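Visitor: I've got a model open on my screen and I'd like to learn how to read it. Could you walk me through a few features?

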Amino acid sequence: MEAVTLVANAGWDRRILVCRCGTLVDTWIVVTQRFVVLVDTMDGPESAAALLDLARPHLSGRQLLVVNTHAHWDHVWGNQVFAGPQALHPAPIIATRACAAQLASGEAATTLAEMQGKDPAGFAAVRLTPPTVLFDGALRIEGGDLTLELLPAPGHADDQVVVWIPEIATLLAADAVELPFPFAESATALPVIRATLTTLAALDAGTALYCHAPETAGPDLIQANLAYFQTLEERCRAALAADATADPPADADVEALVGFPFAELRPLGQAVTQPEFYRPGHRQHIRLMLRWLAGG
């Protein structure tokens, strides 16, 4: 497990603490008059316990709440610190019913078994722990001075929500926005993820923070993500019009096929970090877009 640290405030509201788990993920602690809200529990009990330590100085006179934005492993595998027989600090864990179902699925159990096989020391202590307060659609947490609106944000994951804080025009975007792009898991998710990005852009946030993007990226990253998917569609449409196949073979250079090289991606003028992770994602997006445009 990577160390969890506080990120130095770069101008956002002081009631929001940005917590970083190495190069893996950022999450947040939101301190309101009534509550201390942990948004996601990172990748296991060790990371979640470190989050709890960062939250403790703010708990006097406030109740601890936990929010799961979606059921991916780097966001919810620390839930056992807050619920279940081994909880260090029992607290309500709020999430969508879809998030709870996903976390209880065979797919989640298989992912955990695979991760434990690859890194027994890192993941042996993880126990899949479901959220305890479930909702459908949207939910408001009235914190007194701040309201946390949990808004549906499907595409990257069907169960995903983001956190909108209207009093300070701040968006905590989870994985709905990333640098260089959020991942779509299927061809049918492509229009959904773009619709979510359009909805988030319409919020006109003054501050936007992300789980997988620099804290300095700001709200402009939402438009950069929209531009990426628009360019992706345009290049794939042009390739299909020039008789490119909608189902390239596994060894095909799909970047060259549609004329959209990964090297072209410089959102907000920034080089893409972790290209070994995002370049395969870009290639997968090309395949998904070709399939979607071809009606498959």
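Visitor: What should the 19 residues of H9 span, at 1.5 Å a residue?

Guide: First off, this is a predicted model. At 1.5 Å a residue, H9 should span 27 Å, and its end C-alpha atoms lie 26 Å apart, so the two agree.

Visitor: Which residues of H9 are buried?

Guide: Here's the general idea: an α-helix has 3.6 residues a turn, so residues three or four places apart point the same way. In H9, the buried ones are Tyr278, Gly281, His282, His285, Ile286, Arg287, Leu288, Met289 and Leu290. They pack against helices H6 (189-202), H7 (220-241) and H8 (254-258). Just past the end of H9, Gly295 has a positive phi of about 85°.

Visitor: And pockets? Which residues are closest to the centre of the largest pocket?

Guide: Rolling a probe the size of a water molecule over the atoms shows where empty space is left. Here the largest pocket has a volume of about 1,100 Å³. Of its 41 lining residues, Asp74, His156, Asp175, His212 and Phe277 are the closest to the centre. H9 (275-293) is one of the elements giving two or more residues to that lining, and strand S3 (25-31) is another. By type, the lining splits into 17 nonpolar, 13 polar and eleven charged residues.

Visitor: Is Glu149 buried or exposed?

Guide: Glu149, in strand S9 (residues 147-152), has a relative accessible area of 17%; that's under the 20% cut-off, so Glu149 counts as buried. Its side chain makes a 2.8 Å polar contact with the side chain of Arg140. Glu149 also touches other residues, including Leu139, Val162 and Trp164.

Definitions and conventions
Residues numbered from 1 in each chain as written. Predicted model: local features only at pLDDT ≥ 70, side-chain atom pairs only at ≥ 80, totals over all residues. Heavy atoms only, no water. 1 Å grid on protein atoms, 1.4 Å probe; cavity = no way out; pocket = protein on both sides within 12 Å on 5 of 7 lines; lining within 4 Å. Points joined across faces, edges and corners; volume = space filled by probe spheres on them. Helix = DSSP H or I, 4+ residues; strand = E, 2+ residues; numbered from the N terminus. Nonpolar A, V, L, I, M, F, W, Y, C, P; charged D, E, K, R; others polar. Expected span 1.5 Å × (residues − 1). Buried < 20%, exposed > 50% of the residue type's maximum accessible area, 1.4 Å probe, protein only. Contact = heavy atoms within 4.5 Å. Polar contact = N/O pair within 3.5 Å; in protein donor to acceptor, adjacent residues only side chain to side chain.
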